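Trainee: Could we walk through this one together? I have the viewer open and a few questions ready.

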Amino acid sequence: MMPFDERFDWLWRVVIDAASAADISVVRADEIHEAGVVIDQIKAAIERADAVIGVCTDRNANVFYELGMALGQHEAILLAESETDLPFDLQHRRAILYEDQSVDLGWLRDQVRDALVATIAARPSSRVLAAPARADLMLVQRGGVAASQSTTSSTMNIPLELENVGTGPAALWWVKLQVPDGSTSSMWRLGERITRDEEGRCVAEWVARDAQDVVALGPPKKLEPRLHVEVAQEDAESLPLRYIIGAQDTSVREGVLDVGFRGGGPVATVES
């Protein structure tokens, strides 16, 4: 929902790029070419939508009318050039402020993309008449595991993939792997120092610090972390690393990444 004015064409292109980056289709009212009453078609499109975007810049009356219809069904994504474009009844809602066309377009695209992904992921399925598209995040070990051994420990470099194998987008907030209690083995992300949780257990984490860091995983997009594990001698045969994946829609997947040296070589298997 935005003013039909060529001054906003650049912003419409940003929205299109953001939706495309998240594998989401987007339509504007002037792209509805069916015969019929326009406002009825807009209302029907709002009801079918999984997310709506409203551009509040210039306080366009038609945009606010359509937003009024949408807000009973959606948490609308609001865009505005400044806070003064937001009337009192909308000022308590979060909005993406872009100042003007000189804004960093890549930043704005990412903001819109992440807002779309998060909004769709959090949308109550009871509002969706058809079977809702759902994200399904899965940790997968792919490719060869590089390893070296010494008399006291073994080192493994494990390529992993975090895949969205579901039918809908996901807003990934964190992935955490944890060494079992009592183990002297350690692990870390390549290039980073070893970290430990509050209880002293060794952990490896991929965490979004804030909304701008959220990883949008629309199928079939992937995140490809690499893990460096130093396996203590007593854990050489089997070191079960517990993993937890958290996403914006509060869905959590837990499982075990079992690493060790078996059958004459390094092995890493994922059990969900």
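This is a predicted model: local features need pLDDT of at least 70, side-chain atom pairs count only at pLDDT 80 or more; totals for chains, interfaces and linings use all residues.

Trainee: Is I16 buried, partly exposed or exposed?

Mentor: Buried means under 20% relative accessible area, and exposed means over 50%. I16 has a relative accessible area of 33%, so I16 is partly exposed.

Trainee: What distance separates the C-alpha atoms of I16 and V27?

Mentor: Along the chain, I16 and V27 are 11 residues apart.

Trainee: Which strands are the edge strands of the open sheet?

Mentor: Good one! Three strands make up this sheet, with parallel pairing and the order β1-β2-β3.

Trainee: Which residue in β2 stands opposite V55?

Mentor: Start with the pairing: β1 and β2 (residues 77-80) run in the parallel sense over 3 bridges. Within β2, the residue opposite V55 is L79.

Trainee: How many residues lie between β5 and β6 in their hairpin?

Mentor: β5 (residues 146-149) and β6 (residues 153-164) pair in the antiparallel sense over 4 bridges. A147 stands opposite M156 of β6. The number of residues between the two strands of the hairpin is 3.

Trainee: How many disulfides does a search of the whole structure find?

Mentor: A disulfide is a covalent bond between the sulfur atoms of two cysteines. C56 counts as buried at 0% relative accessibility, and C202 is buried at 2%. For disulfides, the search of the whole structure gives 0.

Notes. Residues are numbered from 1 along each chain as its sequence is written. Side-chain values use heavy atoms; hydrogens and water are left out. Two strands pair if DSSP finds at least two bridges between them. A disulfide is a pair of cysteine sulfur atoms within 2.5 Å. Buried means under 20% relative accessible area, exposed over 50%, partly exposed in between (1.4 Å probe, protein chains only).
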